[in-house]
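Reader: I am new to this structure and would like a friendly tour. Could we go through it by question and answer?

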Amino acid sequence: MKRFITLLIIMLVANISVFAANLNLEKKWAQVIYAISRVESEGNPKAVSKCGRYVGYLQISEILVRECNRIAGKKEFTYADRYDKQKSIDMFITYMERFNPEGNIEKAIRLWNSGDLNCMNHKASTDGYYRRVMNKFSVQAVTE
């Protein structure tokens, strides 16, 4: 019984550590996520793009869901999760921590728009999007 309780405590501490780490990552990306959500969906988790391929708070495609599951090494996200604000944020963080671990804001914005891992080498294609997001980022940083 003592062994079971010890194991249970270890599992609880591990889960609390993972939860705290996720909160720190969410806080790290909070302003970028907010600004992107304003441009992508006006903050609406039920939004659907005109073409129908991108949905939810951060306008996530099925391809991104598959990529996040590949990164996680398991089926952590479903297509339906794209309509869930928190799951969308979790996918954003998963993607950024894999492909932008240094936390570069400009890269995060351009990468989210293009999906191109070399987005910083050809910025012209994402300049308009970058400016729109930075406008929301600046407004949000001042107002909140």
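Reader: Where is the place of Q59?

Author: Happy to start there, with the reminder that this is a predicted model. Q59 has a positive phi of about 55 degrees, although Q59 is not a glycine. As for its place, Q59 sits in the loop between α1 and α2.

Reader: Is Q59 buried or exposed?

Author: The cut-off for buried is under 20% relative accessible area. Q59 has 9% relative accessibility, so Q59 counts as buried.

Reader: And E42, is that residue buried or exposed?

Author: E42 also lies in the loop between α1 and α2, and E42 has a positive phi of about 55 degrees without being a glycine. A residue counts as exposed over 50% relative accessible area. E42 is at 63% relative accessibility, so the answer is exposed.

Reader: Let me step back. Which pattern does the protein chain follow along the sequence?

Author: The protein chain has five helices and zero strands. Of its 144 residues, 32% count as buried. Read along the sequence, the pattern is α-α-α-α-α.

Reader: What share of the contacts with a separation of 6 or more comes from residues 24 or more positions apart?

Author: Here we look at contacts in the protein chain whose partners have a separation of 6 or more. Among those contacts, residues 24 or more positions apart account for 49%.

Reader: How many Å separate the C-alpha atoms of W29 and F92?

Author: Leaving out residues up to four places away in sequence, W29 touches F92, I93, M96, E97, N100, G103, N104 and A108. F92 is therefore one of the residues that W29 touches, by the rule of heavy atoms within 4.5 Å. Along the chain, W29 and F92 are 63 residues apart, yet their C-alpha atoms are separated by 8.9 Å.

Reader: Now the helices. How are α2 and α3 oriented to each other?

Author: Two packed helices are described by the angle between their axes and the distance between the axes. The axes of α2 (residues 62-72) and α3 (residues 85-99) come within 10 Å and cross at roughly 60 degrees. α2 and α3 are therefore oblique to each other.

Reader: How many nonpolar, polar and charged residues are in the contact of α2 with α3?

Author: α2 passes α3 in a left-handed crossing. On the α2 side the contact is made by L64, V65, E67, C68, R70 and I71, and on the α3 side by M91, T94, Y95, R98 and F99. By class, these residues divide into seven nonpolar, one polar and three charged.

Reader: And what is the handedness of the crossing of α3 and α4?

Author: α3 and α4 pack at an angle of about 115 degrees, with axes 11 Å apart. In this contact F92, Y95, M96 and F99 of α3 meet K107, A108, L111 and W112 of α4. The residues of the contact comprise seven nonpolar, no polar and one charged. The crossing of α3 and α4 is right-handed.

Reader: Shall we turn to salt bridges? How far apart in turns are R70 and E67?

Author: The count of salt bridges comes to five, and one of them joins the side chains of R70 and E67 at 2.6 Å, N to O. R70 counts as partly exposed because its relative accessibility is 47%, and E67 is partly exposed too, at 21%. R70 and E67 are three residues apart in helix α2, so their separation is about one helical turn.

Conventions
Residues are numbered from 1 along each chain as its sequence is written. This is a predicted model: local features need pLDDT of at least 70, side-chain atom pairs count only at pLDDT 80 or more; totals for chains, interfaces and linings use all residues. Side-chain values use heavy atoms; hydrogens and water are left out. Axes are lines fitted to C-alpha atoms, for helices over the stretch in contact, and angles run from 0 to 180 degrees between N-to-C directions. Helices (H or I, at least four residues) and strands (E, at least two) are DSSP runs, numbered from the N terminus. Angles under 35 degrees count as roughly parallel, over 145 as roughly antiparallel, 65 to 115 as roughly perpendicular and the rest as oblique. A crossing is left-handed if the near helix is turned anticlockwise from the far one by less than a right angle, and right-handed if clockwise. Ala, Val, Leu, Ile, Met, Phe, Trp, Tyr, Cys and Pro count as nonpolar, Asp, Glu, Lys and Arg as charged, and the others, Gly among them, as polar. A salt bridge is a side-chain nitrogen of Lys or Arg within 4 Å of a carboxyl oxygen of Asp or Glu. Buried means under 20% relative accessible area, exposed over 50%, partly exposed in between (1.4 Å probe, protein chains only).
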